[in-house]
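Please keep the sequence and the structure at hand while reading.

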Amino acid sequence: MGKILRVGVIGCGAIAQRRHLPEYQARNDVEIVAVCDFSEERAQLVKEKFGAKYAITKTEELLALNEIDAVSICTPNQFHASVSIQAMKAGKHVLCEKPMATMIEEAREMVKTAEENRVFLMVGHNQRFMPVHIRAKQILQQGALGKVLTFSTTFGHSGPENWSVDGAKSWFFNKDQAFVGAMGDLGIHKADLIAWLIDDPIAEVTALYGTLHKEIPIDDNAIFLLKSKGGSIGTLTASWTYYPNEVNSTVLHCEKGTMKIGTDPQYGIVVEYADGKIEHIETEKMQSNEEGGQTNSGVIDHFVEGILSGKGHEINGMEGLRALEVILAGMEAAASSQIRQLHIG
Ligand SMILES: NC(=O)c1ccc[n+]([C@@H]2O[C@H](COP(=O)([O-])OP(=O)(O)OC[C@H]3O[C@@H](n4cnc5c(N)ncnc54)[C@H](O)[C@@H]3O)[C@@H](O)[C@H]2O)c1
């Protein structure tokens with residue numbers, strides 16, 4: 001028997017039950033030691049369902065367990081930074097859900113705490129692990145399409161009331177706990193994806209956002225204009241009012257053609273070359289809030305394998321920090337109707 005990673009999961013809602021816990025459970029090198037939720041009943045149910053040893057209601061009690069090596073943080077956004085920092089100071093590796101923090105200072109503190117305590121910090125940006133996006137990036141890197149000139153990337157669904165374990169009473173609609181609406185919930189996924197896909201960090205951001213349909217104190221729609229360091233420009237759209245069907249797509253217009261991801265009902269990718277040639281590429285369907293063909297997000301596997309091998313790459317929190325910067329810059333720009341410059345290394 002090889003090494004075993006002993007994990008705890010904090011927050012036992014939808015993302016914990018649908019992705020983190022089943023994906024930990026599917027691995028034979030992971031033991032689910034404890035689960036924690038404010039709601040004792042929910043913690044107990046989840047403990048039974050996933051065969052954990054303990055059901056706990058206080059985060060500190062879970063973090064005090066020496067028999068835990070790593071934790072998933074699946075709480076509302078407001079608690080991500082404080083719980084992650086506490087966990088890393090207790091020597092635990094952290095897989096934190098997105099957005100990793102509500103302020104950039106908190107995100108920097110998280111990255112610093114990971115370094116100081118020599119633990120891995122990963123943020124749950126699952127779009128870059130989707131087979132369709134991995135294939136799309138390979139095609140771009142092969143170079144036949146040339147440079148990406150413009151892009152549009154969109155993630156929208158009918159809202160978290162159809163996802164969260166607490167439905168319409170969800171924390172997603174509580175400004176203190178969520179701090180941001182669709183732009184932070186869905187937009188942040190595409191902020192991470194687009195920079196990774198075109199291999200070029202976002203350098204300029206402006207945005208408009210609004211609460212157009214739901215009676216909530218945060219945005220239900222947002223549209224960003226982005227410019228990459230290398231000069232590509234494009235839009236990022238996030239919505240909680242796409243009824244009834246989810247949209248999860250990206251279109252890249254390049255020097256020698258166009259790549260469409262997630263726009264065709266049958267093919268994951270369609271590439272249309274400038275000379276008229278069309279290529280249809282079949283990939284696993286995207287894993288999304290709706291049922292998709294992809295059964296494993298790849299996030300948990302990457303986290304576990306990175307820790308157990310000691311070689312975890314891309315898991316130092318920096319990718320999560322960059323995506324958060326884009327969202328925060330968009331919020332500031334939308335509030336002040338200005339274009340914001342980002343400082344990128
Ligand atoms: N990566 C993704 O694709 C993805 C998808 C959905 C949600 N998320 C993220 O996952 C996180 C959780 O979202 P969700 O959809 O599971 O929400 P949810 O409403 O379904 O569940 C949240 C759970 O956390 C519990 N909780 C609240 N505060 C807590 C605390 N301090 N300690 C312990 N438990 C606490 C609640 O009782 C509830 O059971 C959010 O940050 C969200 O942005 C990520």
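At roughly what angle do the axes of helix H6 and helix H9 cross? In this predicted model, the axes of H6 (residues 131-142) and H9 (residues 187-198) cross at roughly 35° and come within 9 Å. On the H6 side, the contact is made by His133, Ala136, Lys137 and Leu140. Their partners in H9 are Leu193, Leu197 and Ile198. By residue type, this contact of H6 with H9 consists of 5 nonpolar, 1 polar and 1 charged.

**Helix H2**

Helix H2 spans residues 40-50, and Arg42, Ala43, Val46 and Lys47 are buried in it. These residues lie on the same side of H2, because they cover an arc of only 135° around the axis. The spacing fits a general rule. An α-helix has 3.6 residues a turn, so residues three or four places apart point the same way. After H2 comes glycine 51, with a positive phi near 65°.

**Backbone exceptions**

| Site | Feature | Value | Location |
|---|---|---|---|
| Lysine 98 to proline 99 | cis peptide bond | omega about -20° | proline 99 in the loop between S5 (93-96) and H5 (104-116) |
| Tyrosine 243 to proline 244 | cis peptide bond | omega near -10° | proline 244 in the loop between S10 (233-239) and S11 (247-254) |
| Phenylalanine 179 | positive phi | about 65° | loop between H7 (175-178) and H8 (182-185) |
| Aspartate 199 | positive phi | about 55° | loop between H9 and S8 (202-210) |

Is phenylalanine 179 buried, exposed or partly exposed? Phenylalanine 179 has 19 other C-beta atoms within 10 Å, and it is therefore partly exposed, since a residue is buried if 20 or more lie in that range. Aspartate 199 counts as exposed because it has 12 C-beta neighbours inside 10 Å, and a residue with 12 or fewer is exposed.

**Surroundings of the ligand**

Which residues come nearest to the ligand? Of the 29 residues around it, Gly11, Gly13, Ala14, Glu97 and Ser164 come nearest. The element that gives the most to this shell is H1, with 3 residues. By type, the shell around the ligand is made up of 13 nonpolar, 10 polar and 6 charged residues.

**The chain as a whole**

The chain contains 11 helices and 15 strands. Its radius of gyration is 20 Å, close to the 20 Å that the globule rule gives for 345 residues, so the chain is as compact as a globular protein of that length. Along the principal axes, its C-alpha atoms fill a box of roughly 60 × 45 × 40 Å. What percentage of the 345 residues counts as buried? The share of buried residues in the chain is 48%. Among contacts with a separation of 6 or more, 67% are between residues 24 or more positions apart.

Note on methods. Residues are numbered from 1 along each chain as its sequence is written. This is a predicted model: local features need pLDDT of at least 70, side-chain atom pairs count only at pLDDT 80 or more; totals for chains, interfaces and linings use all residues. Axes are lines fitted to C-alpha atoms, for helices over the stretch in contact, and angles run from 0 to 180 degrees between N-to-C directions. Helices (H or I, at least four residues) and strands (E, at least two) are DSSP runs, numbered from the N terminus. Two residues are in contact if their C-beta atoms, placed from the backbone, lie within 7 Å. Ala, Val, Leu, Ile, Met, Phe, Trp, Tyr, Cys and Pro count as nonpolar, Asp, Glu, Lys and Arg as charged, and the others, Gly among them, as polar. The arc is that of the directions from the helix axis to the C-beta atoms. The radius of gyration is taken over C-alpha atoms; the globule rule is 2.2 Å times the number of residues to the power 0.38. A residue is near a molecule or strand if its C-beta atom, placed from the backbone, lies within 6 Å of it.
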